[in-house]
Amino acid sequence: MRLLRHLQHWLRGTGHPLRVADFVPETHPVRQWADTLPWAALIAAVERNFAQRFPTPTARGRAPVATRVVVALELLKHELHCSDEQICSQLRTDLAVMYACGITEVQVNRTQAHFVLPELLTQFRRRLDEALLQELLAIQAAAAIEEGAVSPAHLVVDTFPSEQGSQRVNDAATLYKAKKKSSRLSGRLRSNVPPRGRP
């Protein structure tokens, strides 16, 4: 109920509330993505960091948008390659985005252009520091390893797309060739060293 309390200033509407999960299939990519993230740990880390670095906000005015919503929008923005304006607009119209933001029920006011103003994401990003970003990455990595989604072994990732069979030089290919050359060279050196005779 805490999330709904934070969002009630833009969830006012008429009629019966809409249950968001009923309209987002379990096979929907955004739902599957949202179900893999350790939301409780991510939100706790953000709220703990902000509480230490920023003064207690005033109780005047509208209730703030829940941290879960802002964090989800910021992550979704990158996953879906959207601008602040586009992802905030999708929150208004896309039930899968609502689901990812942890919104379980909604009653919509048709006259409202946005549930969350795009400027809020800019303000949120300004508050993120390097220590918090590293903590959030560590939380996500630990959750992915625990679920077996990734291996804890060191990976070399080439993030620049290229066609299969391309001869383009990249860090992954260079490292692979260097390791291969190193192992061949050390093998040759071992085979060329004459055995030591006994005195």
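**Helix packing around H3 and H4**

In this predicted model, helix H3 and helix H4 (residues 67–79) pack at an angle of about 105 degrees, and their axes lie 10 Å apart. That angle makes H3 roughly perpendicular to H4, since values from 65 to 115 degrees fall in that class. On the H3 side, the contact is built from Trp39, Ile43, Val46 and Glu47. H4 contributes Thr67, Arg68, Val71, Ala72 and Leu75 to this contact. Sorted by class, the residues of the contact of H3 with H4 comprise six nonpolar, one polar and two charged.

The axes of H3 (residues 39–53) and helix H8 (residues 130–146) come within 10 Å of each other and cross at roughly 165 degrees. H3 is therefore roughly antiparallel to H8, because an angle over 145 degrees counts as such. The handedness of this H3 and H8 crossing is right-handed. Seven names come from H3 here: Ala41, Leu42, Ala45, Val46, Arg48, Asn49 and Phe50. They meet Leu132, Glu135, Leu136, Ile139 and Gln140 of H8. In the contact of H3 with H8, eight residues are nonpolar, two are polar and two are charged.

H4 in turn packs against helix H5 (residues 84–93), with an angle of about 120 degrees and axes 10 Å apart. H4 and H5 are therefore oblique to each other. The crossing in which H4 passes H5 is right-handed. Val69, Leu73, Leu76 and Lys77 represent H4 in this contact, facing Asp84, Ile87 and Leu91 of H5. The class count for the contact of H4 with H5 is five nonpolar, no polar and two charged residues.

Read from the N terminus, the order of elements is α-β-α-α-α-α-α-β-α-α-α. Of the 199 residues in the chain, 30% are buried. Among contacts with a separation of 6 or more, 77% join residues 24 or more positions apart.

The chain has an average pLDDT of 76, and 60% of the residues score at least 70. Helix H6 (residues 95–100) has the highest mean pLDDT among the elements of the chain, at 94, whereas helix H1 (residues 2–7) has the lowest, at 45. Where pLDDT is low, the predicted coordinates should not be read in detail.

Conventions. Residues numbered from 1 in each chain as written. Predicted model: local features only at pLDDT ≥ 70, side-chain atom pairs only at ≥ 80, totals over all residues. Heavy atoms only, no water. Axes fitted to C-alpha atoms, helices over the stretch in contact; angles between N-to-C directions. Helix = DSSP H or I, 4+ residues; strand = E, 2+ residues; numbered from the N terminus. Parallel < 35°, antiparallel > 145°, perpendicular 65-115°, else oblique. Left-handed = near helix turned anticlockwise from the far one by under 90°. Contact = heavy atoms within 4.5 Å. Nonpolar A, V, L, I, M, F, W, Y, C, P; charged D, E, K, R; others polar. pLDDT = per-residue confidence, 0-100. Buried < 20%, exposed > 50% of the residue type's maximum accessible area, 1.4 Å probe, protein only.
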